[in-house]
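Subject: Structure for you to look at

Dear colleague,

Here is the structure I promised to pass on to you. Please open it beside this message, so that you can follow each part as you read.

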Amino acid sequence: MKNILVIYGSKYGSSEQYAHMIEKNIKCKTVKAESITSDMIKSACMLIFIGGIYAGKLKGLDALHKKIHLFNGNKVILIAVGASPYDESAVKHLREKCTKGFPEGTAFFYARGSYNENGMTFTDRTMCRMLRKSISKKAPDELEPWMIAMLEAGENSCSWVNESYLQPVYTYIKAAQ
Ligand SMILES: Cc1cc2nc3c(=O)[nH]c(=O)nc-3n(C[C@H](O)[C@H](O)[C@H](O)COP(=O)(O)O)c2cc1C
């Protein structure tokens, strides 16, 4: 398949890492979400968007959303990258929210990223620390998977980036070609 365009929205690098893994595996062009042009979208046969989750939204997805009406190809794939371990109901909820306004049949995948409070901007770090403090007061049976992950990470630098998360994406692309 020609003209596969990989678009990434990444603040702390995990989504960018996944985009480069895809680039090494399949013939494609890779671009930051901030740099997409109308011509890139018009000439693509397949779009693969990969973006970090920030408070339930994918970084950079708005930029693609604005141009998606220009897409004439046949497959759109969205990949959400978050700190949480895979959680079926959270991914289902995210899929419903993120695929709104995208072509019917848009595929949605999840890959685990990273979490490092010390590497965050002051605002993000302050917000995450406050959130972690409030979560730490909850009873164990009230904790959701992402809360447990946040408490476990604490102030440590954690990366769960692993190409195995992309295997279902590669299988999907192969079947579509
Ligand atoms: C302010 C903030 C909000 C976040 N919100 C979520 C979230 O809602 N769900 C989640 O799984 N991870 C969340 N994360 C973790 C990021 O999704 C994770 O660090 C991911 O690897 C970011 O992708 P990037 O490195 O490509 O920017 C959040 C991180 C920050 C700093």
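Predicted model: local features only at pLDDT ≥ 70, side-chain atom pairs only at ≥ 80, totals over all residues.

The UniProt record, an unreviewed entry, places the feature "domain: Flavodoxin" at residues 5-135. In the model, that span is 37% helix and 27% strand, and its end C-alpha atoms lie 39 Å apart.

The ligand has 21 residues around it, of which Ser-10, Lys-11, Ile-53, Tyr-54 and Ser-114 come nearest. A polar backbone atom of Ala-83 is 3.2 Å from an oxygen atom of the ligand, and for Val-81 the distance from a backbone N or O atom to a ligand oxygen is 3.3 Å. Taken alone, the ligand would expose 640 Å², and the protein buries 87% of that area.

Which residues of helix α4 are buried? In this helix, which runs over residues 88-98, they are Val-91, Leu-94 and Cys-98. Seen down the axis of α4, these buried residues fall within an arc of 65 degrees, so they line one face of the helix. On the other side of α4, Glu-88, Ser-89 and His-93 are exposed. The cover over the buried residues of α4 includes the strands β3, β4, β5 and β6 as well as helix α3.

After α6 comes Gly-154, whose phi is positive, near 55 degrees.

Gly-154 also leads us to Glu-117, because leaving aside neighbours within four places in sequence, the contacts of Glu-117 are Arg-125, Cys-128, Arg-129, Arg-132, Gly-154 and Glu-155. Glu-117 sits in the loop between β7 and α5, and it counts as buried because its relative accessibility is 0%, where the cut-off for buried is under 20%. Its side chain makes a polar contact of 2.6 Å with the side chain of Tyr-115.

How values were computed:
Residues numbered from 1 in each chain as written. Heavy atoms only, no water. Buried < 20%, exposed > 50% of the residue type's maximum accessible area, 1.4 Å probe, protein only. Helix = DSSP H or I, 4+ residues; strand = E, 2+ residues; numbered from the N terminus. Arc of directions from axis to C-beta. Contact = heavy atoms within 4.5 Å. UniProt positions renumbered as here; feature names shortened; annotations may be inferred. Near = heavy atom within 4 Å. Polar contact = N/O pair within 3.5 Å; in protein donor to acceptor, adjacent residues only side chain to side chain. Areas by Shrake-Rupley, 256 points an atom, 1.4 Å probe, with all protein chains shown as cover.
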